[in-house]
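Here is a friendly walk through one structure, from a pair of charged side chains to a ligand shell and a pocket. Please keep the model open beside the text as you read.

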Amino acid sequence: MMMLDWTRRAACLDLDPELFFPISAEGPGRSQVEQAKHVCARCPVREACLAYALDTRQAYGVWGGTDPDQRRDLALAAAHHA
Ligand code: SF4
């Protein structure tokens, strides 16, 4: 896979992917998602990451500080304003 330029500066680069892609959004997965969002909050490439996730319709995991439900809402809102 092509390494996207912004991913080299990602705050999550060396972290456990399980934090960002928990098996389930319930139980332990819920606190993992919250931890992942905290990492995103101080990530220098957060905007690029979120834009990429929205462009490519990533259905799983935390991207740019958002979970899949939040991205669905953002995509819907964007569609309404188009
Ligand atoms: S915004 Fe979050 S998921 Fe995206 S690169 Fe940064 S830390 Fe990783």
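## A buried charged pair

Lys-37 is a buried residue, because its relative accessible area is 17%; buried means under 20% relative accessible area, exposed over 50% and partly exposed in between, with a 1.4 Å probe and protein chains only. Do keep in mind that this is a predicted model, in which local features need pLDDT of at least 70 and side-chain atom pairs count only at pLDDT 80 or more, while totals for chains, interfaces and linings use all residues. Residues are numbered from 1 along each chain as its sequence is written, and side-chain values use heavy atoms, leaving out hydrogens and water.

What does Lys-37 form with Asp-67? The two residues form a salt bridge, with their closest N and O atoms 2.9 Å apart. This pair links distant parts of the chain, since Lys-37 sits in helix α2 and Asp-67 in the loop between α3 and α4, 30 residues apart. Asp-67 also counts as buried, because its relative accessible area is 17%. A salt bridge here is a side-chain nitrogen of Lys or Arg within 4 Å of a carboxyl oxygen of Asp or Glu, and helices (H or I, at least four residues) and strands (E, at least two) are DSSP runs, numbered from the N terminus.

## The other salt bridges

By this rule the model has 4 salt bridges. The table lists some of them, including the pair just described.

| Pair | N to O distance |
|---|---|
| Arg-8 and Asp-5 | 2.5 Å |
| Arg-30 and Glu-26 | 2.8 Å |
| Lys-37 and Asp-67 | 2.9 Å |

## Around the ligand

Which residues surround the ligand? They are Trp-6, Ala-10, Ala-11, Cys-12, Phe-20, Val-39, Cys-40, Cys-43, Arg-46, Cys-49, Val-62 and Gly-64, where near means that a heavy atom of the residue lies within 4 Å of the molecule. Helices α2 and α3 (46-55) are the elements that give two or more residues to this shell. By class, the shell has 10 nonpolar, 1 polar and 1 charged residues. In this scheme Ala, Val, Leu, Ile, Met, Phe, Trp, Tyr, Cys and Pro are nonpolar, Asp, Glu, Lys and Arg are charged, and the others, Gly among them, are polar.

Two members of the shell deserve a visit. Ala-10 lies in the segment before α1 (17-20) and is buried at 11% relative accessibility. Not counting residues up to four places away in sequence, Ala-10 touches Cys-43 and Val-45, where contact means heavy atoms within 4.5 Å.

Val-62 is found in the loop between α3 and α4, and it is buried, with a relative accessible area of 5%. Leaving aside residues up to four places away in sequence, Val-62 touches Phe-20, Val-33, Ala-36, Lys-37, Cys-40 and Arg-71.

Is Arg-57 buried or exposed? Arg-57 is exposed, with a relative accessible area of 74%. Arg-57 belongs to the loop between α3 and α4 and has a positive phi of about 50° although it is not a glycine.

Ala-53, in helix α3, is buried at 1% relative accessibility. Beyond the residues up to four places away in sequence, Ala-53 touches Gln-58, Trp-63 and Arg-71.

## The second largest pocket

The second largest pocket holds about 310 Å³ of space. It is lined by 16 residues, and Ser-24, Ala-25, Val-33, Asp-67 and Pro-68 lie nearest its centre. The elements giving two or more residues to this lining are α2 (28-41) and α4 (68-81), and α2 gives the most, with 4 residues. The lining divides into 9 nonpolar, 2 polar and 5 charged residues.

A pocket is found on a 1 Å grid over the protein atoms alone, as an open set of points where a 1.4 Å probe fits, with protein on both sides within 12 Å along at least five of seven lines; lining residues have an atom within 4 Å of a point. Grid points are joined across faces, edges and corners, and the volume is the space filled by probe spheres set on the points.
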